[in-house]
Amino acid sequence: MNLILDLGNTRAKVAKVNRYGIVALEAFNYDQLERLAQFTHHHEAYKGIIIGSVIDIEAPIVKEIINFLPQKPLILTHKTLIPIINNYQTPETLGLDRLAAAVGANNNFPHSNVLVIDIGTAITYDLINSNGVYLGGNISPGINIRLKALNAFTSKLPLVEANFRSPLFGTNTIEAIQAGTFHGITAEIDGIIEKFMTIYPNLTVILTGGDANNFAQNLKNAIFVNFNIVIEGLNSILEYNKNAENK
């Protein structure tokens, strides 16, 4: 059994994974560390533990989590051995969640060209080719950033909540903002997929992230939704490093 910790900006996803897949998965806010610690307890020693964190590994919250783990974890960095080739020009600046998602995508669809789209605070696009090479990607603002920006950088537009069932156009200012942000992102995602498909006609597209379901049904391109692609990628990286140690 492996223990996988995906530490995001606002919460942690923690999974127990055996050779058949994820057997337990929970998400915790960072004010729920006692519950998180209880979840990590296991009646036997884990075969391995890995942490992938978008938070600085020296941050107090990360150190606190490491301290209550039952054994020393592998901490993912840009120097960690990974089962794909990373062609990013600045690997030290690549988000580790993006890297783990790329590994997970390659593991799920080997010998395929795969585009991973993570729709959350930001929208990230990450491309892995059929040779297992991570080529790079794009970063775009998520829907809440767009809503806040319209309010912050104009004098009269109000701050409104996202509406994922928004009509195509609004008949008042609030509806217009909601329609513009929602359908703007939908069109962006479809447009980027289509541009990638001109280069990679048999492209496989994976949608993940907190807002994935809110957009999936409105996209005209065929996609797979996988909320655990980062967890799966972290587990693949852990297994790859365990095998490297045993050689």
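**A strand covered on both faces**

Guide: In this predicted model, strand 10 is covered on both of its faces, with T204, I206 and T208 buried on one side and V205 and L207 buried on the other. Buried here means under 20% relative accessible area, as against over 50% for exposed and in between for partly exposed, with a 1.4 Å probe and protein chains only; strands are DSSP runs of E of at least two residues, helices are runs of H or I of at least four residues, and both are numbered from the N terminus. Since 5 of the 5 residues of strand 10 (residues 204-208) are buried, it is largely enclosed by the rest of the structure.

As for the conventions, residues are numbered from 1 along each chain as its sequence is written, and side-chain values use heavy atoms, with hydrogens and water left out. Because the model is predicted, local features need pLDDT of at least 70 and side-chain atom pairs count only at pLDDT 80 or more, while totals for chains, interfaces and linings use all residues.

The neighbours of strand 10 come next, where two strands are said to pair if DSSP finds at least two bridges between them. Strand 7 (residues 114-119) is joined to strand 10 by 5 bridges and runs parallel to it, with V116 opposite I206. Strand 11 (residues 224-225) also pairs with strand 10 in the parallel sense, over 2 bridges, and here I206 stands opposite F224.

Elsewhere, an open sheet of 5 strands has the order 3-2-1-4-5, with mixed pairing; its edge strands, strand 3 (21-29) and strand 5 (74-75), each pair on one side only. Within that sheet order, strand 1 (residues 2-7) and strand 2 (residues 11-18) run antiparallel and are joined by 6 bridges, L5 having V14 in strand 2 as its bridge partner.

For the chain as a whole, there are 7 helices and 11 strands. Its radius of gyration, taken over C-alpha atoms, is 19 Å, close to the 18 Å that the globule rule (2.2 Å times the number of residues to the power 0.38) gives for 247 residues, so the chain is as compact as a globular protein of that length. Along the principal axes, the C-alpha trace spans about 60 × 45 × 30 Å, and buried residues make up 45% of the 247 residues. Of the contacts (heavy atoms within 4.5 Å) between residues at least 6 apart in sequence, 52% join residues at least 24 apart.
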